[in-house]
Protein chains: 2
Amino acid sequence: MTDRPSLTPLVASLPATVPFVGPEAQERARGRPFRARLGANENGFGPSPAVVEAMRASTPEMWKYCDPENHELRQALAELHGVAPENIVIGEGIDGLLGLTVRQYAQTGDPVVTSLGAYPTFNFHVSGFGARLVTVPYEDDRESLDGLLDAARREKACIVYLSNPDNPMGTWWEAEDILHFIEALPPTTLLILDEAYGETAPASALPPIDVSRPNVLRMRTFSKAYGLAGLRCGYAIGEAETIRAFEKVRNHFGVNRMAQAAGLAALKDRAHLERVVKAVGFCRQRLSAIAEAHGLKALPSATNFVTIDCGRDGAFALRVLQELAERDVFVRKPMAPGLDRCIRVSVGLEAEIAIFEAELGPALAAARSAS
Amino acid sequence: MTDRPSLTPLVASLPATVPFVGPEAQERARGRPFRARLGANENGFGPSPAVVEAMRASTPEMWKYCDPENHELRQALAELHGVAPENIVIGEGIDGLLGLTVRQYAQTGDPVVTSLGAYPTFNFHVSGFGARLVTVPYEDDRESLDGLLDAARREKACIVYLSNPDNPMGTWWEAEDILHFIEALPPTTLLILDEAYGETAPASALPPIDVSRPNVLRMRTFSKAYGLAGLRCGYAIGEAETIRAFEKVRNHFGVNRMAQAAGLAALKDRAHLERVVKAVGFCRQRLSAIAEAHGLKALPSATNFVTIDCGRDGAFALRVLQELAERDVFVRKPMAPGLDRCIRVSVGLEAEIAIFEAELGPALAAARSAS
């Protein structure tokens, strides 16, 4: 062993891993671009023109650091959600906030509960802080509220992660079920309720915002319905003391300055948001119809993607994905046993959806002939 | 004690602190804006017009996540520094990279060496991961290479932090001295060589880039000379295995998409960088002349700010700062004993420097009469 600085035993034990390979990396490996970028749950309908204008207008100001209190955006979000600014923390996307949350509550070996096949970046952070991941299988392609609850109680989990609507399956629970789940949870278990896809869900899926419980963090983002994934701006809503603890660990100047201007403009343009949410809904129907026209079953979705059951095992779905990639269509797929029979296709502009439509048949045929 | 999720003992022990109060927060507290924003070591000359254009052009693409490998920007930086892309990691500003570095190498109680009065955000991260800060006093307003070396050896430090040029004093060491320091350092101590102000320093202050040593990380940023503090984009240069370890802990999708476009454009416009570096040099002279015209001593500076010795103790310098703020001039000051006799004034456009010039005299008089 060379004489070099020692990584901590924990960090030394971690793999040098990327939770997701980006489409750009795949394009470089393939030597040609995708014609349809439908794999990353981005929102091809993009941000409001008013947001684009606000970002453009803010470019000459980019020599200044951000306001570390993100004051104006927190005010606007507080107004939107009917809470106080003290109930909101803004971070570098939900990804950043997930890492900070795990760091606050999980020590080495502590049990953290999530669903088997749920968001890999959360798992990355759990491993990254040495906590112990306890996974609960999906049931009928939904996260199992009963299973998560049992595991949280049994393990005395410090954190339980639940996304509603769910990624990667697109399914959801109604607010009532979520509320029962919250009430049944031990008060010492922190619930991370990841609502990244909240805006594209039926209103009935979102419990009222209630910031009285110290053990619930609701996470939202500008990456999905607002069409600003590249901006890196997400936020958590919670009880004031729980929110305040982020001040102990967050990177105060970490949110880029443009995020505040863009976020404010995005919140103002409700008409654009409504149009996008409608367009996402139509596109989900379109994707489902494409799947069914090819004899495949599309799962119901409350998100900006549709998960399609390819009707056989995981190996087959992987071949479908690969055959689509061969045809320059970028999609992703769930990897967990049972879920892995599916591919996951994000919404997008019709030009890209049409390419997916045209290539799905040939891709399926090629995958079948290879079986 | 309420029934609520428990913070880890480490996090519970941390204060909910902001390393710096932002000027926006001060403006809100004061109820009126500053006329001269000269406290945050920003670069009022701003980014290249080509960079502003690149940022504007990238706004419609902001619905896409960034390339998590930051491939193109790493390529361009590798070319600039004559290293391989494997020798570079890009992060959310140097602040973000400092946190990741501490997390990789420092465990609870491990000694980490820095100078007493050096960058508070680094200290924030050291405390945040429970490591033990060992501080070495400045000598003649420079970080003490001998002192840092002694402390690193004596303590068997896992990390030693050195900024060159230095913040908050603006002073610097020549490359030769830095090289001797590196050679004398135990190979198991990681040196974070923070060169945020590298571009505004004399070339003689920067050792050649050498990525053969596993225990040296050079940190650079687009926040200072490139005028892009609000962008949140910094990078570290180092030996490939040391750089690769960041993959274990970094937030892979954390750099906003615009940073890549802006960074590439910034690296291309060398003429703008040269103009800015010259303008920064002139502005330093201007600030020094203003200080001397008021009977104060300006410290030599290789940065984008000038540290001015107010000639009395820390309480007096604080009054000068407060009197400047009363007159709508935002500056900051070092807080450590010995350094605290100074205020720190960032470069900026002449309109703001002129306001500082006009207000310094009255502020000094008011501070003196209050003594």
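Which residue stands opposite Val306(B) in E12(B)?

Analyst: In this predicted model, the residue opposite Val306(B) is Val345(B) of E12(B). The two strands concerned are E10 of chain B, residues 305-309, and E12(B), which pair in the antiparallel sense over five bridges. They belong to an open sheet of three strands in chain B, ordered E9-E10-E12, with antiparallel pairing. Strand E9 (297-298) and strand E12 (342-346) of chain B are its edge strands, and each of them pairs on one side only. Helix H11 of chain B, residues 270-293, lies across E9, E10 and E12 of chain B and runs at about 15° to E10(B).

Chain B also contains an open sheet of seven strands, in the order E2-E8-E7-E6-E5-E3-E4, and here the pairing is mixed. Strand E2 (88-91) and strand E4 (132-136) of chain B stand at the edges with a single partner strand each, so one side of each has no neighbour in the sheet. On average, neighbouring strands of this sheet are turned by 20° against each other, direction ignored. Within the sheet, strand E5 (residues 159-163) and strand E6 (residues 190-194) of chain B pair in the parallel sense over five bridges. Leu162(B) stands opposite Leu193(B) in E6(B). Helix H7 of chain B, residues 145-155, lies across strand E3 (111-115), E4 and E5 of chain B, running at about 145° to E4(B).

A packing of two helices can be described in chain A. The axes of helix H3 (residues 49-58) and helix H10 (residues 257-268) of chain A come within 8 Å and cross at roughly 155°, which makes H3(A) roughly antiparallel to H10(A). The crossing of H3(A) with H10(A) is right-handed. H3(A) contributes Ala50(A), Val51(A), Ala54(A), Met55(A) and Ser58(A) to the contact, while H10(A) contributes Met258(A), Ala261(A), Ala262(A), Ala265(A) and Ala266(A). By class, this contact of H3(A) with H10(A) has nine nonpolar residues, one polar residue and no charged ones.

Finally, the two chains may be considered together. The same surface serves both copies, since 100% of the contact residues of chain B recur in chain A.

Note on methods: Residues are numbered from 1 along each chain as its sequence is written. Chains are lettered from A and ligands numbered from 1 in the order in which they are written. This is a predicted model: local features need pLDDT of at least 70, side-chain atom pairs count only at pLDDT 80 or more; totals for chains, interfaces and linings use all residues. Side-chain values use heavy atoms; hydrogens and water are left out. Axes are lines fitted to C-alpha atoms, for helices over the stretch in contact, and angles run from 0 to 180 degrees between N-to-C directions. Helices (H or I, at least four residues) and strands (E, at least two) are DSSP runs, numbered from the N terminus. Angles under 35 degrees count as roughly parallel, over 145 as roughly antiparallel, 65 to 115 as roughly perpendicular and the rest as oblique. A crossing is left-handed if the near helix is turned anticlockwise from the far one by less than a right angle, and right-handed if clockwise. Contact means heavy atoms within 4.5 Å. Ala, Val, Leu, Ile, Met, Phe, Trp, Tyr, Cys and Pro count as nonpolar, Asp, Glu, Lys and Arg as charged, and the others, Gly among them, as polar. Two strands pair if DSSP finds at least two bridges between them.
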